[in-house]
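I opened my notebook to keep track of what I looked up in this entry. The notes follow in the order I made them.

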Amino acid sequence: MDGNGRPALALRGLAKRFDHKVAVAGVDLDVPAGSFYGLLGPNGAGKTTTLSMAVGLLRPDAGTAYVLGHEVWADPIEAKRLLGVLPDGVRLFDRLTGPELLAYHGLLRGMDPQVVDQRARELLDVLALADSGRTMVIDYSAGMKKKIGLACALLHAPRLLVLDEPFEAVDPVSAALIRDILHRYVTGGGTVIFSSHVMEVVERLCSHVAILADGAIKRVGTLAEVRGDRSLEDTFVEVVGGRTATGEELAWL
Ligand SMILES: Nc1ncnc2c1ncn2[C@@H]1O[C@H](COP(=O)(O)OP(=O)(O)OP(=O)(O)O)[C@@H](O)[C@H]1O
């Protein structure tokens with residue numbers, strides 16, 4: 001909770017259907033201020049759909065989301081001021097260079113150009129993107145696109161970061177760097193919620209975990225509560241219902 005007792009992010013009854021497919025079936029979640037929250041789930045569980053609705057990128061069929069008490073759909077300007085988002089697939093204006101993209105984001109948010117310039121330099125430097133200053137984002141590698149997307153999300157020093165698979169396609173050195181940046185951000189009073197398939201990262205970083213499957217939250221709580229005396233991976237497989245190969249399949253392979 002923040003100083004006013006509000007969660008950094010509160011989801012209430014979020015639901016979304018695509019044609020006949022129920023992607024998210026009524027999700028309630030409180031992300032305490034100052035927490036490092038991991039959202040786990042198998043492919044197609046509804047993580048991206050949930051996070052997209054939570055930040056105002058996708059309109060829910062039902063339910064709503066609050067960022068530090070501000071309803072994302074009713075009070076979008078204040079909610080989005082407090083929010084930094086790394087969306088799925090990183091939809092970026094990719095005909096710009098990294099520095100241009102950051103300048104564009106900063107000015108769009110009404111930031112002082114000098115502050116934007118200073119922060120952009122630091123972010124590009126810390127994220128090891130400074131050497132690619134003249135390269136257009138369209139020519140970046142997948143991992144570089146993740147990193148510039150993260151830089152865009154951090155630029156305005158938000159209170160809450162919502163990150164869709166921030167470690168996907170990122171090399172181990174960059175992953176360690178991103179972990180450090182996020183860790184520092186949370187230590188400084190920020191809140192992070194991110195989706196991931198990498199149990200080890202979630203176990204190492206997160207104070208809280210939610211496991212989503214078939215569009216619904218199956219387990220939620222502190223890391224210790226969710227994993228009990230087992231590994232997070234064992235808990236995940238049990239909750240999600242892993243299937244094991246009998247040895248009969250793919251005999252032709
Ligand atoms: N735009 C869309 N149109 C139709 N169906 C969609 C759309 N977006 C998502 N879905 C469906 O909704 C379900 C949840 O998808 P979502 O992308 O939220 O899952 P996810 O947990 O993020 O998966 P992954 O781990 O593979 O990224 C899936 O069955 C998916 O096919």
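Predicted model: local features only at pLDDT ≥ 70, side-chain atom pairs only at ≥ 80, totals over all residues.

Entry one, Asp-214. The limits I needed are 20 or more for buried and 12 or fewer for exposed, with partly exposed in between. I found Asp-214 in the loop between β9 (208–213) and β10 (216–222). I also looked up its backbone angle: phi is positive, about 50°, although Asp-214 is not a glycine. I noted the background for this: most residues other than glycine have a negative phi.

Entry two, Ala-128. I looked up another positive phi, that of Ala-128, which is near 55° and again belongs to a residue other than glycine. Where does Ala-128 sit? I traced Ala-128 to the loop between α4 and α5 (142–154). Ala-128 has 14 C-beta neighbours inside 10 Å, so I listed it as partly exposed.

I placed Glu-200 in helix α7, which covers residues 199–205. Glu-200 has 12 other C-beta atoms within 10 Å and therefore counts as exposed. I then looked up its distance to Leu-232, which is 32 residues away along the chain. The C-alpha atoms of Glu-200 and Leu-232 are separated by 8.3 Å.

Two packed helices are described by the angle between their axes and the distance between the axes. I looked up both for helix α3 (residues 98–108) and helix α4 (residues 113–126): the axes come within 9 Å and cross at roughly 140°. That angle makes α3 oblique to α4. I recorded the crossing as right-handed. Which residues make the contact? From α3 I listed Gly-98, Pro-99, Leu-102, Ala-103, Gly-106 and Leu-107. From α4 I listed Pro-113, Val-116, Ala-120, Leu-123 and Leu-124. Sorted by class, the contact has nine nonpolar residues, two polar ones and no charged ones.

Entry five, the whole protein. I noted nine helices and ten strands. The radius of gyration is 19 Å, close to the 18 Å that the globule rule gives for 253 residues, so the protein is as compact as a globular protein of that length. Along its principal axes the C-alpha trace spans about 60 × 50 × 40 Å. I wrote down that 40% of the 253 residues count as buried. Last, I looked at contacts with a separation of 6 or more: residues 24 or more positions apart account for 66% of them.

Terms used: Residues numbered from 1 in each chain as written. Helix = DSSP H or I, 4+ residues; strand = E, 2+ residues; numbered from the N terminus. Rg over C-alpha atoms; globule rule 2.2 N^0.38 Å. Contact = placed C-beta atoms within 7 Å. Axes fitted to C-alpha atoms, helices over the stretch in contact; angles between N-to-C directions. Parallel < 35°, antiparallel > 145°, perpendicular 65-115°, else oblique. Left-handed = near helix turned anticlockwise from the far one by under 90°. Nonpolar A, V, L, I, M, F, W, Y, C, P; charged D, E, K, R; others polar.
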